Amino acid sequence: MVESNNLKLASKEQTEEWLKANDIWFHTVTHQEVFNIPAMLEEVKFTDLSEEEKLSETIFAKNLFLYNKAKKEQMWLVIAAHNTVFDMKDLCKHFGLKSGNLRGGSKELMEGILGTKSGVVNVFALLNDSENKIKLIMDSRLMGNEYKHVGFHPMDNTATTAVRQPQLQKIIDLTKHEATVLDFSTIATASSAAPKTAPPQK
């Protein structure tokens, strides 16, 4: 387990300093503490800074920290647009796991490897996974041109930080993780004719 004093990022201030040091544009807003996407949609409000920086159109990231119940060293961070809909059973099948083996990561794993708690998981936290124990799965909608800005919690769920979409790949590269880009619409099966969103866990 990663000890807290080994964490590279543990606060909003450290996250913003890291972004500045790596020449990554960002804009942060503060708000009431939120623990899921519905609360984010209600509480987090960006305003446009300019014609180029239309932050009111920022898409929020839905972050799921998952593991294989049968082989606990297998872990994933799934990052999708907040309005991307998929069924966890389909994702489990896509990963080649037996039904029911894809579970949400424990509080201890989350804090030990990513340095976050439930409701705060974010792409920046991958910097704390220095041993690359976690496989990163990115929604193809976030990696294309559909959105200009993507919002993540900066290690603190009383704040949300928008970054420019073209710099998202740079952020991932700096964490030394390789993203598997997934079009979630391609993993849907007939059994998920009325798919639900994955459990809200950011």
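Analyst: Let's start with the rule for rings: Phe, Tyr and Trp (by its six-membered ring) form an aromatic pair if their centres lie within 6.5 Å, and planes under 30 degrees apart count as stacked, over 60 as edge-to-face, and the rest as tilted. This is a predicted model, in which local features need pLDDT of at least 70 and side-chain atom pairs count only at pLDDT 80 or more, while totals for chains, interfaces and linings use all residues. Residues are numbered from 1 along each chain as its sequence is written, and side-chain values use heavy atoms, with hydrogens and water left out.

User: Thanks! How many aromatic pairs does a search of the whole structure find?

Analyst: The search finds 3 aromatic pairs.

User: Why is the pair of Phe 86 and Phe 184 called stacked?

Analyst: The ring centres are 4.5 Å apart and the planes meet at 25°, so both values fall inside the limits and the pair is stacked. Phe 86 sits in the loop between strand 3 (71-81) and helix 3 (88-94), and Phe 184 in the segment after strand 8, so the pair links parts of the chain 98 residues apart. Helices here are DSSP runs of H or I with at least four residues, strands are runs of E with at least two, and both are numbered from the N terminus. Phe 86 and Phe 184 are both buried.

User: What makes the pair of Phe 124 and Phe 152 edge-to-face?

Analyst: Here the centres are 5.7 Å apart and the angle between the planes is 65°, so the angle passes the edge-to-face limit. Phe 124 lies in the loop between helix 4 (107-114) and strand 5 (134-139), and Phe 152 in strand 6, 28 residues apart.

User: Why are Phe 124 and Phe 152 called buried?

Analyst: Buried means under 20% relative accessible area, exposed means over 50%, and partly exposed is in between (1.4 Å probe, protein chains only). Phe 124 has 0% and Phe 152 has 1%, so both count as buried.

User: How do you know that His 149 is buried or exposed, and what does its side chain meet?

Analyst: His 149 has a relative accessible area of 3%, so it is buried. The residue is found in strand 6 (residues 149-152). Its side chain reaches the side chain of Glu 53 at 2.6 Å. A polar contact is a pair of N or O atoms within 3.5 Å; within protein, one must be able to donate a hydrogen and the other to accept it, and residues adjacent in sequence count only if both atoms are side-chain atoms. The pair of His 149 and Glu 53 is therefore a polar contact. Beyond its neighbours within four places in sequence, His 149 is in contact (heavy atoms within 4.5 Å) with residues including Trp 25, Thr 58 and Arg 164.

User: Which way do the residues of strand 6 point, and what makes strand 6 a partner of other strands?

Analyst: His 149 and Gly 151 point one way, Val 150 and Phe 152 the other, and all are buried. Two strands pair if DSSP finds at least two bridges between them. Strand 2 and strand 6 run parallel and share 2 bridges, so they pair, with Phe 60 bridged to Gly 151. Strand 6 and strand 7 (residues 159-164) run antiparallel with 4 bridges, so they pair as well; Phe 152 is bridged to Thr 161 there. Strand 6 and strand 7 form a hairpin with 6 residues between them, and Met 155 in the turn has a positive phi of about 65°.

User: What makes a set of residues a nonpolar core, and how many residues has the largest one?

Analyst: A core is a set of buried Ala, Val, Leu, Ile, Met, Phe, Trp, Tyr and Cys residues joined through side-chain atoms within 4.5 Å. The largest has 34 residues, and those with the most contacts inside it include Phe 124, Phe 152 and Ile 171. Elements that each supply at least two of its residues include helix 1 (12-21), strand 2 (59-68) and helix 6 (168-174). A second, separate core of 15 residues includes Phe 86, Cys 92, Leu 102 and Ile 187.

User: Why does Leu 182 count as buried?

Analyst: Leu 182 has 7% relative accessibility, so it counts as buried. This residue of strand 8 (residues 179-182) touches, among others, Leu 91, Met 138 and Ile 187.

User: How confident is the predictor?

Analyst: By pLDDT, the predictor's confidence in each residue from 0 to 100, the protein chain averages 91, and 91% of the residues score at least 70. Over residues 1-5 the pLDDT is below 50, with 6 contacts beyond near neighbours in sequence. Over residues 193-197 the pLDDT is below 50 too, with 9 such contacts.
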